[in-house]
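Let's take a walk through this protein together. Have the sequence and the 3D view ready, and follow along as we go.

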Amino acid sequence: MEYTAVIGLEVHAQLQTDSKIFCGCSTRFGQEPNVNTCPVCLGMPGVLPVLNKRVVDYTLMMGLATHCRIAAESVFARKNYFYPDLPKGYQISQYERPICEEGWVEIPVQGGARKIRITRIHMEEDAGKLVHEGGGGAASLVDLNRAGVPLMEIVSEPDIRSPEEARAYMQTLRDIVVYLGICDGNMEEGSLRCDANISIMPAGSETFGTRTEIKNMNSFRYLAQALEYEIQRQTEVLEDGGRIIQETRLFDSAKGVTASMRGKEEAHDYRYFPEPDLVPIRIDPEWVDRIGAEIPELRSEKIARYVQDLGLPEYDAEVLTGEPGTARFFEDILAHGVEPKKVSNWVMGEYTRLLKDKGMETARISPEQVAGIIRMVDASTVSVSGAKQVFEEVFLTGKDPDAIVREKGLAQVSDEGAIEEEIKAILEANPQQVEQYRDGQEKVLGYFVGQVMKATRGRANPRLVNEILIKKLKGE
Ligand SMILES: [Zn+2]
């Protein structure tokens with residue numbers, strides 16, 4: 001039998017604030033264990049949380065960017081459970097009254113786009129991290145640097161129908177948070193991670209099957225792999241006449257399989273109740289307007305604009321907008337009045353290649369310098385290969401392109417007289433090849449071009465070389 005997958009994702013995005021959600025501790029990643037802690041995030045008795053306003057700003061921004069309804073009043077709730085990385089014995093989250101509800105995003109699918117509905121977006125605090133030391137679980141250590149780091153949880157409706165769509169949805173959310181500048185989108189460091197609810201139903205059916213939940217997938221590849229595995233597993237269980245058990249499963253990325261972790265807990269297991277230590281959050285229309293005005297052009301909008309207004313191929317638009325920094329660099333060069341496709345070629349080509357080869361995060365070349373180098377090529381001041389040499393040097397040193405052209409003697413010879421002299425000498429030295437050309441062997445032309453380039457150390461303007469060569473060979 002054919003089955004259709006029904007998938008909903010819960011995505012956790014770590015918000016890029018300097019301090020934690022309910023205390024002033026730093027959120028910096030990669031610090032010594034437990035240095036970023038205080039009595040509040042350690043859950044000491046008698047302490048009180050104070051809400052970081054920026055967390056509300058950022059979540060509100062995400063809600064607006066994903067077409068959510070913003071609650072005029074929302075409430076924090078305690079989610080009670082015991083775990084060694086959760087010193088308070090409860091997590092402060094939102095439950096019945098989240099800040100954002102009923103939104104949607106559009107994801108690219110083959111030949112178009114699909115709308116995936118967002119159920120809710122809420123704010124919560126992260127837990128700490130357990131480090132299991134020694135063979136056979138001899139000891140476990142706890143690091144609470146992450147406890148109290150602000151998270152935004154984005155819950156989708158079960159609108160996703162395949163692992164590819166799940167991946168596209170996750171990518172779309174990543175693009176939005178990264179462009180909004182509210183999360184760094186770094187999946188390896190856990191800034192963006194997701195859990196998936198998944199069930200299967202006979203193709204054409206409207207009734208969802210029993211679902212399982214897969215926890216903690218921290219890469220696009222693992223997400224797709226875990227879902228594919230789980231669809232296959234559930235299909236086999238049903239084909240064998242078995243039934244799916246509602247449970248939480250963990251994806252083992254090394255083996256590429258999901259394994260049962262625990263029976264699925266229900267919301268009532270957590271004994272949610274409104275957090276008595278925090279007042280409700282009231283958001284007036286002015287606050288919403290102010291945050292709405294701060295939303296920049298998002299990646300999907302940029303892609304559409306690059307294709308429609310700048311005439312770039314879709315592929316270029318996607319590569320250039322992959323990271324906001326690259327798009328910004330591209331647009332800054334464009335501001336100097338150079339042709340978009342030429343800028344795109346340099347940014348996607350040399351610029352990206354050098355960043356990667358040299359292992360650099362930012363180049364020393366300025367947008368103005370890139371525009372200048374493009375103009376040099378346009379004016380035939382340097383050849384394309386000469387321009388690449390100039391580009392690399394400026395990329396590494398930030399030096400003036402004109403000075404590099406002079407120092408390296410890269411200025412292209414566009415002096416017709418000088419080129420003609422060279423060509424004359426070469427033709428005289430190769431009478432046999434000249435004969436061959438005149439007998440109709442036109443491919444000898446390539447040989448002569450090579451000779452001229454060699455004689456001028458690659459600096460002769462190739463267009464002129466070709467023109468003059470053909471003229472001379474034809475005896476004009
Ligand atoms: Zn703290």
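## Helices H1 and H2

Start with helix H1 (residues 53–65), which packs against H2 at an angle of about 130°, the two axes being 11 Å apart. Because of that angle, H1 counts as oblique to H2. The crossing of H1 and H2 is right-handed. Bear in mind as you look that this is a predicted model.

Which residues of H1 and H2 make the contact? On the H1 side you'll find Met61, Met62 and Ala65, and on the H2 side Ile176, Val177 and Leu180. Sort the residues of this H1–H2 contact by class and you get 6 nonpolar, no polar and no charged.

## Two nonpolar cores

Now look for the largest nonpolar core, which has 66 residues. The ones with the most contacts inside this core are Leu9, Ala13, Met152, Ala166 and Tyr169. Helix H2 (residues 163–180) turns up again here: H2 gives the most to this core, with 9 residues.

Skip its neighbours within four places in sequence, and Tyr169 is in contact with Leu9, Ile107, Ile116, Ser156 and Ile160. There is also a second, separate core of 29 residues, and Leu334, Tyr351, Ile374 and Val382 are among them.

## Helices H12 and H15

Two packed helices are described by the angle between their axes and the distance between the axes. For helix H12 (residues 416–429) and helix H15 (residues 462–473), the angle is about 50° and the axes are 10 Å apart. So H12 is oblique to H15. The crossing of H12 and H15 is right-handed.

Where do H12 and H15 meet? H12 brings Glu416, Ile419, Glu420, Ile423 and Leu427, while H15 brings Leu464, Val465, Ile468, Leu469 and Lys472. The residues of this H12–H15 contact split into 7 nonpolar, no polar and 3 charged.

## Ile245, out in a loop

Last stop: Ile245, which sits in the loop between helix H3 (220–239) and strand S13 (247–252). Is Ile245 buried or exposed? Ile245 has 12 C-beta neighbours inside 10 Å, so this residue counts as exposed.

Ser260 is 15 residues apart from Ile245 along the chain, and the C-alpha atoms of the two are separated by 9.9 Å.

Definitions and conventions: Residues are numbered from 1 along each chain as its sequence is written. This is a predicted model: local features need pLDDT of at least 70, side-chain atom pairs count only at pLDDT 80 or more; totals for chains, interfaces and linings use all residues. Axes are lines fitted to C-alpha atoms, for helices over the stretch in contact, and angles run from 0 to 180 degrees between N-to-C directions. Helices (H or I, at least four residues) and strands (E, at least two) are DSSP runs, numbered from the N terminus. Angles under 35 degrees count as roughly parallel, over 145 as roughly antiparallel, 65 to 115 as roughly perpendicular and the rest as oblique. A crossing is left-handed if the near helix is turned anticlockwise from the far one by less than a right angle, and right-handed if clockwise. Two residues are in contact if their C-beta atoms, placed from the backbone, lie within 7 Å. Ala, Val, Leu, Ile, Met, Phe, Trp, Tyr, Cys and Pro count as nonpolar, Asp, Glu, Lys and Arg as charged, and the others, Gly among them, as polar. A nonpolar core is a set of buried Ala, Val, Leu, Ile, Met, Phe, Trp, Tyr and Cys residues joined through C-beta atoms within 7 Å. A residue is buried if 20 or more other C-beta atoms lie within 10 Å of its own, exposed if 12 or fewer, and partly exposed in between; C-beta atoms are placed from the backbone.
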